[in-house]
Amino acid sequence: MIFTRLSLIVMLLALVNGERNENVVQPCAEVKTSSSVVVLGSPVSASCTISEDCPVPIAPAVPIDWQLDGQTLPSSSVGNQGRGMSTVVIPNFNSTMAYLTCTVQTTPPQIVGGLQIRAGYLPSVPQNLHCQTNLTTPSTMLCSWDPGRDSHLPTKYSLHTDIRDKKKNYSYSLPPGRHHYTIPRSDFTWFSNMEIYVKAQNELGETTSLPVSVEPLSAAKFAPPELLNVRALSKRYGCLRLSWRLSLHESWVQDVMDVQVRLTAADSESGRDQSIQSFERRARPSRTIDQCGLLHGTRYVGQMRVRYRQSPWSEWSSSRSGVTLESAPSGGLDSWMKVSGDHTHKQVSVHLFWKPSKQFRANGQNVSYVVSRVKQPGERGQLCATVERYCTFQAPAKASKVYLSAVNAAGRSQAKSIRIYHNKDYTAVTDLTVTPYDDTSLMVKWTSVDRASLLGFVIEWIPLLRANPANLQFQSTNKSHTSFIIPGSIEPYKPYGISVYPRFKDGIGLPQTANAFSRQKAPSKVPKLRIEKTGQFDVHLIWDEISLDERNGIIQGYKVFYREQNGPVNVVLAKPNERRVLLKDLNPMSVYEARLLVSTYGGSRNGSTIHFKTQSFDVVFVVTVVSIIMLLILTCIITFVYYSSHHARFKKHFCPLIPDPANSSIKQWPTESLEDILPAFSNKEPSLVYVSHLSFLDLPTKIQKEEDDCWLNSADETSDLGESICGSPFIPGYCGSNSDSVPYATILFSSPSNSLAPRENHAYLRSESTQPLLETEEAFTPKSYQNITADKTKEEQCFFGSSDSEEIDQVPEPDISWDQFPFLRALAMNDAENE
């Protein structure tokens, strides 16, 4: 393959240079074609003839092949015509340049001849030929054109000019690839027409552009003119006069030129966007230009530009301003009034706003406004005079109207009558919504409640960051409208307050209000979290409110993210109107980190991270509780020890010793001795100790009236005789309660106690005392006691109380003295008296 390439390069060099060199191997075949440059895509035919002195041995039957850029052409397009002769036909030549070679099929194959074929297109006709004259020194004329599509062949261009008045022709040759040429000043005349055209030529042919006729001066772009002055014409309202001239290096031109003037109304009080008026005039340089039909008393900023015939316009000149003559304001003013107070007050506060209507003309530079009580205002009837578009004043509650007029140096406009409407508790606007219409507009929608007296609505909006009356704007609509687009004066990311008021025949109804943004984004700043209170298991976090200018949208809520070090993240939500959260279920003595996330409809922003540590257990509280518990335990132990070592004294303090009548003698428990034993609970009132008490109860054979039985009338629990005492021997017929008496025994008679002789033996019942028994008495098992009657002759003895044996053992009657039992002796004495 390398040998084939080298042979081809050597052969092509020989063909191109046409030289013979003994040191170079000459090709031994001649390749011919109809043309070495063809139209791209056209057919190409070629022939190859091998010379007889070719050093390559060629057998008679060896075929000859064709290759195009190393690719073998199909045999169907190749024709072999005997020894050393072959032809080929390429039906469609699609390459811009390729090498065609013929090869002998020997071992190895040998290239015996070849040539280069190039393809392209005829040059395109040059388009958009135009020339522009430069008036600066030195003056020249630059002509340029569009070459059209690429011909894929080297193309030469030439520029030709023909000055018919002077009968001069000029041709300018350009190198390939260049599509413009600068004609020197010596080859053209300022006011002579000249015909200019361009020729394009390559190996396939030549094309010529359409000729253009050019006057060099009309093809010149002038420098911006100088606007010298703009002033008002005397006694002509709405007219301005402009003085101008050409630049210094163009001042030699004195022909009539086209002049275009642009006037922009500045500081206009019309309430509309700045108006721009443009007009054209034909004038000679250094001549004034008058323009009328302008607004009265309005400052205009003027600019101008020039051209000569069909030349391009110059750039705009520098600006100059002038003011038209002033006249009295004309047209009307749109107004909007809000009243604070009602007819019950003597005075009401009136807030009046106004703006120029479409027909209003200020007609002056310094315009002020006057609100008065009368149509022809004077110093006395004037309520306020201001250059602003609002006024606040006090008016009588019965006042019905005021008058508004505009004033400038030339006069006063016709006064407008404005009726004072009072507030009414009428509702005609519901479901107010405000949504962005675009970045600088808002769409306001509401629902109207049908009322017969409804006239229309007033839409009011104000930037909350500049909430002063001077920035309030309004628009009135009729009652058929339930939507309004606030025009493009809304700033994105800034809050606005929007209100819709219903207007009735007799007043202004209740408004609906909303805040809105034309566009929202994340807040510019996030407040820093602060620790309000820290506990062992919870923490209170607070933060400040975000200022209006940093919110950039409506706050949707707050999120507090917190976690223990290397622990899971927890989230606590807070409502838009809340600025505090409580973090609960925390671990004591642990370090946490937290941060605040603030969200609007336009995005969210994270705040900085803070760290805090929960409190440990309260040492003082723990020590106090433990001390109290230890003190209680110690007190119990001391009490127990004291009770164990001083059992008798302790018992006497809390359980007084009460004698047992059955096992004691009155001699053994006199009152004085008991007073010494029992403790005194009060130094002022010594306790009375009852050493004995007897109750005599008569049991009739038949109870006649239940209500006479004091037992039946007593409480269900009658065993406590200390609480209920019946039949006291000291108070006959007594039945009552005496908590101070402590009866110990009750004697029952089967017959009345005052009867002559008892029919049965007396029965003794042991009382259930509420006081503790003597320590010698066994609990729950009282001994059986012997009943000793007054009659000593009877041998029968009756025991009362509990006994372990079913039968009572007969015991010998002891020798008993009545002095030992005074109670029984009193009973015997009672029996004797009865007898």
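This is a predicted model: local features need pLDDT of at least 70, side-chain atom pairs count only at pLDDT 80 or more; totals for chains, interfaces and linings use all residues.
Residues are numbered from 1 along each chain as its sequence is written, and side-chain values use heavy atoms, with hydrogens and water left out. The structure holds four disulfides, and its largest nonpolar core has 45 residues.

- Strands here are DSSP runs (E, at least two residues), numbered from the N terminus, and two strands pair if DSSP finds at least two bridges between them.
- Eight bridges link strand 25 to strand 26 (residues 347-356) in the antiparallel sense.
- Within this pairing, Val339 stands opposite Val350 in strand 26.

**Sheet 18-19-22**

- Another open sheet of three strands has the order 18-19-22, with antiparallel pairing.
- Its edge strands are strand 18 (226-232) and strand 22 (289-291), and each of them pairs on one side only.
- The twist in this sheet averages 20° from one strand to the next.
- Strand 18 and strand 19 (residues 240-245) run antiparallel and are joined by six bridges.
- Glu226 stands opposite Arg245 in strand 19.
- Ser243 also lies in strand 19, and Ser243 is buried, with a relative accessible area of 14%; buried means under 20% relative accessible area, exposed over 50%, and partly exposed in between (1.4 Å probe, protein chains only).
- Contact means heavy atoms within 4.5 Å; leaving aside neighbours within four places in sequence, Ser243 is in contact with Glu226, Leu227, Leu228, Asn229, Arg231 and Thr288.

**Nonpolar cores**

- A nonpolar core is a set of buried Ala, Val, Leu, Ile, Met, Phe, Trp, Tyr and Cys residues joined through side-chain atoms within 4.5 Å.
- In the largest core, of 45 residues, those with the most contacts inside it are Met141, Cys143, Leu159, Ile183, Ile196, Phe222 and Trp244.
- Strand 20 (residues 257-266) supplies the largest share of this core, five residues.
- A second, separate core has 26 residues, including Val31, Leu40, Val88 and Ala98.
- Ile183, from the largest core, is in contact with Thr140, Met141, Cys143, Leu159, Thr161, Tyr172 and Phe188, leaving aside its neighbours within four places in sequence.

**Disulfides**

- A disulfide is a covalent bond between the sulfur atoms of two cysteines; here a pair counts when the sulfur atoms are within 2.5 Å.
- Cys48 is buried at 0% relative accessibility, and Cys102 is buried with a relative accessible area of 0%.
- Another disulfide joins Cys131 to Cys143, with 1.9 Å from S to S.
- Cys131 lies in strand 10 (residues 127-134) and Cys143 in strand 11 (residues 140-146), so the pair ties together parts that are twelve residues apart in sequence.
- The link of Cys131 and Cys143 is right-handed, with 110° about the S-S bond, and both cysteines are buried.
- Cys384 and Cys391 are joined by a disulfide with 1.8 Å from S to S.
- The torsion about the S-S bond of Cys384 and Cys391 is about -140°, so this disulfide is left-handed; both Cys384 and Cys391 are buried.

**Exposed residues**

- Cys636 is exposed, with a relative accessible area of 55%.
- Asn577 is found in the loop between strand 44 (570-574) and strand 45 (580-583).
- Asn577 is exposed, with a relative accessible area of 63%.
- Asn577 and Gln556 are 21 residues apart in sequence, and their C-alpha atoms are 9.4 Å apart in space.

How values were computed
Helices (H or I, at least four residues) and strands (E, at least two) are DSSP runs, numbered from the N terminus. Axes are lines fitted to C-alpha atoms, for helices over the stretch in contact, and angles run from 0 to 180 degrees between N-to-C directions.
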